[in-house]
Amino acid sequence: MSTLSVEEKIRRNEENLILSVQDLHTSFFTDSGEVKAVNGVSFNLGKGKILGVVGESGSGKSVTAYSIMQILADTGRVVGGKILYKGRNLLDFSKKEMDAFRGDKCSIIFQDPMTSLNPVFTVGYQLNEALRLHTNYKTKEAATQRSIELLKMVGVNEPEKRIHQYPYEHSGGMRQRVMIAMALACEPDILIADEPTTALDVTIQAQILELMKDLQKQLGMAIILVTHDLGVIASMCDEIIVMYGGRVCERGTADDIFYNPCHEYTKGLLRSIPNVDNMKEKLVPISGTPINLLNMPKGCAFCPRCDNAMKICLEEVPPEMQMPDGHYASCWLNVKKQMEGVSADE
Amino acid sequence: MAQNFDIPAPTKNPMSLQLDPKKFEKATDEEKRQQDVMAESTTFFKDGMRRLMRNPLAIISIVLLLLVVATMVIAPAVVPYSYEQIITVNGKRDKRAANLKPFEYSQLEQQYMEETGEKLFPHIMGTDELCRDYFIRVVYGTRVSFIVGIFAALMVMIIGIIYGSISGYLGGKVDLIMMRIVDIIYSLPDLLIVILLAVVLKETLSQAKLGIFSKLGTNMMAMFIVFGVLYWVGMARLVRGQILTIKENEYVLAAKSIGAKNGRIIRRHILPNCISVIIISTAQQIPSAIFTESYLSFIGLGVQLPMPSLGSLANAARSGMQSYPWKLVFPAVMIVLIVLAMNLLGDAMRDAFDPKLKK
Amino acid sequence: MSEQNNKSEYLVEVNDLKMYFPVKTGFMKTIPLKAVDGVSFTIKPGETLGLVGESGCGKTTVGRTLLRLYKPTGGEFRFNGELVTDKNITPLRKQMQMVFQDPYSSLNPRMTVEDIIGEPLDVHKLYSNRAERREKILHLMELVGLNAEHATRYAHEFSGGQRQRIGIARALAVDPKFIVCDEPVSALDVSIQAQVINMFEELQEKLGVAYLFIAHDLLVVHHISNRIAVMYLGRIVEIADADELNDHPIHPYTLSLLSAVPVPDPRTARKSQRIILEGDVPSPLRMPSGCPFRTRCRYATEQCANECPSLTDRGGGHMVACWNK
C-alpha cells in the first residue's frame, strides 16, 4: 500500500470525483428495533461513469441510493458517515440546499414509473412543472417546447401528442422513458436509477438500457445503476459495487468483478446464475437463506451461507483490502491468503 | 478507472492487527448455524397485541372501559338503592329527597343518621326529581347503552359477513343484484324508519312474549330491528370489498387448483384473512350504535320508562338544566367517555392489526 | 382413474386451446380479450416444456386454463389420453398441480406450514389418521429441504425461497404426474433462484414428474427445459428443443428475445450486437390482423397482414409460425 496521506489522495482525486460516499450508515427504527440497512458503505463515483450497485433484496442497495437523495422513509435516518458531492457533505446541507441538489444536480428514477408519476396530471404538465421550477424555461411555451425536445430525446414517438396524455395511457416502457425525460429535465450531474428495468419485459428492458447508455454518452452525466440483475450490470457498468447485508463485499471494474471475483459471495453469485456455458451442468447455488436484517451475524454478514467460512468470519467484520489487480474486497479469506503469502516469503 | 477507488477504506490495515492464526481455521457447520437462527415465532395476533399494548391511547381507553364495565357490574350490588324506587328511609318514602346535589342527604336521612348513628350510603350524583338515586340510574343507563351497542354491532357483523361474503365471493350477476339492494337500503332515511318502525312494532311486539328483553320495551326492540335491517349494509360492503381483494390472492387460486370446495375456501382462506378488519370495524360500530341509541332515547324513542338510558336521562335533565346542571352533565360525560374510549380503542386496533398499515 | 384404451405416449396433449376473457368496453358491451388464441403442444411423462414470453402474452393463462382455474373458450386438453372436462377435473387434480409465482401471496398468511402442505391431503382425504397426515407432511418437508421443526410456523416467518419450497411441497402432496410451474423463481433473489431450480431438477429425477415451466427469463428456462415454446400475444410462434432453439432460433421474435437477454458477462455484452425491437407489444384488445408480431417485425410483408401463419415443422420437431423465415 502506498504511503500517501488520505487528504492528499482525496485532493488528487477530487477533480475526477463527483460523489464520494464514506462509511455511510443508515438505520430504520421500527417497532422490532433498529434495522441497520446500510452498515458502513464507502464508494466513489467518477464524473461521467456508470456505477452499478448490485445485491439481493435486503442488501441495502436501494437504501444507499435513497440516503444520497435523502428521500428515506420516515423511520429511516442516516446515522453516520459522509456523502461528499464535489467535496461538500450532503448531510450538512440545509433543507433548501438539499431541494436544490435534488432538483438540479441529482435525479432519481424508480422501478415502477406508475407510482412516481402523478396519475391526475398529463405527462406534459408534469414535465413543464419540473422545468419551470428548476430551469430557465420559465414561460409555458418555452417549457412545453423543451418538454417535447426531451421526450423526443428519450425516444417517445409523437411527443406533441403524448404530452397531452395521462400516465395511464402510456405503456410501462413509455412511462419509464417519460420518467427518464423528467429526470433529465434539469440536466443533472448524477442520475440514480433504482431498478429501472425490473418491472419491464426483456425486449423493453433492452430498449431502456440502450437509451440510458446513449444518453449517458450524449450528456456526460454519471449514473448510479441499482439492480439485482448481474446481466444488466455486465452490459452497462464501468464500475461495480457488490453489496450484501448492508456492507460492500467487493468493488472494482466490471472485468475485475466478473473475471476475478475475490469475495465468496460474488463468486457464489456468479456460479449460481444460469449461463450459456453451464446449461448442461447443475447450477451451484449459494446455500442458506437471505440475511435477516433484524438478526445480523456478529462478523461477516455472509458467513452463515459461506462454504469456506472461518472462525474469524463469525467473530469479526472483515476489513476492506486492495487486491493485486487494484480492486477492493472485504473477505477474511484474502487476509488469510496474504498472511500465508507473507509467511511463505519468509 | 481504478484510480477512483484510491481512497483507502476507513478500516485499519488488517496486517497491523494482531491476528491469531487459529482463528483462520475453517468454521464448523454447527458454528455457522448458530449465526443463522430464525427469529422468534410470533403469530399475527401476538404481534398485533404487542403493538396495541405499546399505544398509550389504547391503554388509557382499555383502562377507562374496564372501569366503566366494573362499575356497571359492581355498583348495583353495592349501592343499596334501586333505579326505579323512591328513596326510602326506615321504611318511609322520602318525598322531599328530590333533586339533591351530589353527596347531599335529605332532611329525613340526616335525621335518621343522627338518631341511629348509622351512616347511609351517599347519593354520589344526587337524586332526580322523583327522589330516585341518580348514580344508580346513570349506571343502569350505561348498562342499557352498552348492551344496545354490543348487540347492535354483533347483529350488524353477522348479517354483514354473511351477505357480504356471498356477494363478494360469487361475484357477477349475484353480486350486482345484492349490491343494488344494499344501495337501496343505504338511501333510506334511517331516523324516519326508526320512528315508523317504533310506532308499528309497539303494537305488534307488545303482544309477543319477549322474555328478558321485555324490560327494555318495544322501542328498544324496534331499535334492534332497525339496526339489524339498516346498519348492516356498511359492514356488508366492507366485507365484500375485502373478499374481492383477498379472492385475487394466489393462495385462493392454489386452493382451487388443489380441488377445495367454495365453502372450504371461504372458511379457511378468505374469512380468516379479513377477520381482523371485521373485528376492528365491529369495534368501531359499537360507539356509533351507543350514540344512535342515545339520540333516539333523547328524542323519546328509546327505552321504556322507568328503565333509564343515558339519552333519556339527558332528556329528562333538560327541563331543570339551569337549576340542576349536574343532572345533564353526568349522563353526557358518560356518553362522551364511552364513545371516545371506544373510538380510540377501535382506531388503535386498526393501527395494530390492519396489515395494510403494517410496514 | 379409469384406464383408457387410447393411451398415447404423451402425458399432456393440448390442442388449439383458446381462452377469451370478456372485457367491458361500455354499458352492457363486451369484447373478447384473446389471452390464449389457439395454442397446441404436448408434454411427455417426465419431460419439461419451457414456456417463455413477455408479460401479457398469455403464458400464465395457458397454465391456469390447463388446471381449469378458467373455463377454456375452445380447444381440448387430454391428460394421459383422457379428455379433461369440468366433470372429471376433481379426481384429476390429484395428478396435476401448480406452483405459483409469488411466494408471498400464494401462501395463506393465517395458516401454518403444516396446514398449507396438508390442505391437499385434507381435500382429497389421503390419510386415515392424524399421525399419518403428520408423517406425510414431514416427509414432504424433508423432500423439499425444509426443517421439520418449522412445521408449526406461519408462512410469513419464512424467506422467499423457503416459501417457494412450501408451495412446491403443497403441489407434491398429492403425488402428481404433472406440475405447472408459473414463474416459480422470478420473484426470488438471484442467490436463491439456483437452489429452487436445482430442486425442481432433483425432484424430476426422483419422482419422474413432468413440468410446464412458465417463465420470462430465457436463461433459466433454457437451463431447466427439454423443449421450449415461445409465445407472443396468445400464440406459440416457435417450439423446439432447448438447445436447438437457443442455437438456431428461426422466428424473428425469438431472435430478438434471445438477443435482448442481458448476459452476465461484460466481454460478451460489449461485443454482442443487440437486435432492439421497436415499439411496444400491441394491446390484446386491438390485435393486429394476420400475424400478431408483424407490427414489430422487420421482415413483415403484405402476406403477414392478411393471414396468420401456423406452426410448420422445419425439421426435427422444430416448429415455427412465420411466413418469411
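What share of the contacts in chain B with a separation of 6 or more comes from residues 24 or more positions apart? In this predicted model, such residues account for 72% of those contacts.

**View 1. Chain B and its elements.**
Chain B contains twelve helices and two strands, and from the N terminus on these elements follow the order α-α-α-β-β-α-α-α-α-α-α-α-α-α. Of the 359 residues that make up chain B, 46% count as buried. Residues 24 or more positions apart supply 72% of the contacts in chain B that have a separation of 6 or more.

**View 2. Confidence along chain C.**
The model as a whole carries an ipTM of 0.84 and a pTM of 0.81. For chain C the average pLDDT is 88, and 98% of the residues score at least 70. Among the elements of chain C, the highest mean pLDDT, 95, belongs to strand S3 (residues 48–52), while the lowest, 82, belongs to helix H10 (residues 266–271). Over residues 1–5 of chain C the pLDDT falls below 50, and beyond near neighbours in sequence this stretch has four contacts in the model. Where pLDDT is low, the predicted coordinates should not be read in detail.

A disulfide is a covalent bond between the sulfur atoms of two cysteines. For the sulfur of C:Cys57, the closest cysteine sulfur is that of C:Cys291, and because the distance is 14 Å, the two are too far apart for a bond. C:Cys57 is buried, with a relative accessible area of 4%, and B:Cys274 is buried as well, with a relative accessible area of 0%.

A:Lys61 and A:Glu195 form a salt bridge in which the closest N and O atoms are 3.6 Å apart. The pair links distant parts of the chain, since A:Lys61 belongs to helix H2 (residues 61–69) of chain A and A:Glu195 to the loop between strand S7 (190–194) and helix H9 (202–219) of chain A, 134 residues apart.

**View 3. A salt bridge within one helix of chain A.**
The side chains of A:Lys95 and A:Asp99 meet in a salt bridge, with 3.4 Å from N to O. Because A:Lys95 and A:Asp99 are four residues apart in helix H3 (residues 95–105) of chain A, about one helical turn separates them. A:Lys95 is exposed, with a relative accessible area of 65%, whereas A:Asp99 is partly exposed, with a relative accessible area of 33%.

A:Glu187 and A:Arg146 meet through their side chains in a salt bridge of 3.2 Å, N to O. Here too the pair links distant parts of the chain, with A:Glu187 in the loop between helix H8 (172–184) and S7 of chain A and A:Arg146 in helix H6 (residues 140–153) of chain A, 41 residues apart. A:Glu187 is exposed at a relative accessible area of 53%, but A:Arg146 counts as buried at 10% relative accessibility.

B:Arg264, C:Asp115, C:Glu119, C:Asp122 and C:Arg133 are linked in a network of salt bridges. Over all chains, the count comes to 36 salt bridges.

**View 4. A buried arginine without a salt bridge.**
A:Arg247, found in strand S10 (residues 247–253) of chain A, is buried yet has no salt bridge, and the nearest side chain of opposite charge, that of A:Asp23, is 8.3 Å away. Leaving aside residues up to four places away in sequence, A:Arg247 touches A:Asn39, A:Val41, A:Ser59, A:Val242, A:Gly299, A:Ala301 and A:Val317.

**View 5. The largest nonpolar core.**
In the largest nonpolar core, which has 111 residues, A:Leu19 and A:Ile224 touch the most other members. Helix H8 of chain A gives the most to this core, with eight residues. Not counting residues up to four places away in sequence, the residues that A:Leu19 touches include A:Phe43, A:Leu45, A:Ile68, A:Tyr85 and A:Ile224.

Definitions and conventions. Residues numbered from 1 in each chain as written. Chains lettered and ligands numbered in written order. Predicted model: local features only at pLDDT ≥ 70, side-chain atom pairs only at ≥ 80, totals over all residues. Heavy atoms only, no water. Buried < 20%, exposed > 50% of the residue type's maximum accessible area, 1.4 Å probe, protein only. Disulfide = S-S within 2.5 Å. Salt bridge = Lys/Arg side-chain N within 4 Å of Asp/Glu carboxyl O. Lys, Arg positive; Asp, Glu negative; His and termini not counted. Contact = heavy atoms within 4.5 Å. pLDDT = per-residue confidence, 0-100. Core = buried A, V, L, I, M, F, W, Y, C linked by side-chain atoms within 4.5 Å.
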